[in-house]
Amino acid sequence: PVPFINKDTTILLGSSALLSISGGISYLWTPSSTLNNPTSFRPIATPTVSTQYTVMVTDSSGCRSMDTVTVHVDVICLDPFIPTAFSPNGDGENDVYYVRGNCYQTYELTIFDRWGEVVFHSTDPNQGWDGRFKGKLMNAAVFVYSFNAVMTTGKQVNKKGNITLLR
């Protein structure tokens with residue numbers, strides 16, 4: 001068979017693309033981990049990185065043919081957003097302090113108490129501060145942060161300011 005496959009496409013991170021092929025009676029797509037049904041003629045692809053999919057098509061005579069399609073994944077890079085307050089009170093909302101953003105090449109967040117002692121430090125944007133220091137809950141207070149990052153675009157971000165811990 002001569003398979004027909006839809007053209008390469010671009011999606012935003014978190015979105016899906018409908019792949020489509022015709023010209024056979026059975027289909028096998030690889031890689032299959034980001035497809036809802038790797039044996040469908042119209043699987044839904046939800047990759048988190050740009051991915052080239054290959055499909056093996058078999059016709060009614062048992063003849064096989066292959067084709068490929070690439071789903072490109074665009075990531076929209078957001079400037080860091082640094083909240084000015086959080087409330088680690090166990091209500092499930094705003095209990096952990098994070099600098100919001102993505103596309104970090106390097107990341108460093110340091111939080112100080114009013115005496116200048118470091119109460120939190122991280123180089124991992126996925127690690128937030130739960131309002132504890134040495135295992136103990138901190139009282140409601142104003143803290144100082146220093147945030148330094150280099151974005152994948154090359155942009156440097158250096159900010160300092162206050163964070164209010166509310167109880």
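## Burial and the cysteines

A residue counts as buried when its relative accessible area is under 20%, and as exposed when that value is over 50%; partly exposed lies in between. The model discussed here is predicted.

Cys 103 has 15% relative accessibility, so Cys 103 counts as buried. Cys 77 stands at 37% and therefore counts as partly exposed. Cys 63, at 41%, is also partly exposed.

## The disulfide

How many disulfides does the rule give? The count comes to one disulfide. Cys 77 and Cys 103 form it, with an S to S distance of 2.0 Å. That distance falls within the 2.5 Å cut-off for a pair of cysteine sulfur atoms. The link connects distant parts of the chain, 26 residues apart. Cys 77 sits in the loop between E8 and strand E9 (85-86). Cys 103 sits in the loop between E9 and E10.

Why is this disulfide left-handed? The torsion about the S-S bond of Cys 77 and Cys 103 is about -80°, so the bond gets that label.

## The four-stranded sheet

Four strands form an open sheet in the order E2-E8-E7-E5. The pairing is mixed. Strand E2 (9-12) and strand E5 (26-30) are the edges, and each pairs on one side only. From one strand to the next, the twist averages 25°.

Strand E8 covers residues 64-74. E2 and E8 run parallel, joined by four bridges.

## Strand E10 and its partners

Strand E10 spans residues 104-112. Which strand is joined to E10 by eight bridges? That strand is E14 (residues 141-151), and the two run antiparallel. Within this pairing, Thr 106 has Val 150 of E14 as its bridge partner.

E10 also pairs with strand E11, residues 118-122. Here four bridges connect the strands, which again run antiparallel. Phe 112 is bridged to Val 118 in E11.

## The hairpin turn

E10 and E11 make a hairpin. Five residues lie between the two strands. Gly 116 is in the turn, and its phi is positive, about 90°. On the E11 side, Val 118 is the bridge partner of Phe 112.

Note on methods
Residues are numbered from 1 along each chain as its sequence is written. This is a predicted model: local features need pLDDT of at least 70, side-chain atom pairs count only at pLDDT 80 or more; totals for chains, interfaces and linings use all residues. Side-chain values use heavy atoms; hydrogens and water are left out. Two strands pair if DSSP finds at least two bridges between them. Axes are lines fitted to C-alpha atoms, for helices over the stretch in contact, and angles run from 0 to 180 degrees between N-to-C directions. Buried means under 20% relative accessible area, exposed over 50%, partly exposed in between (1.4 Å probe, protein chains only).
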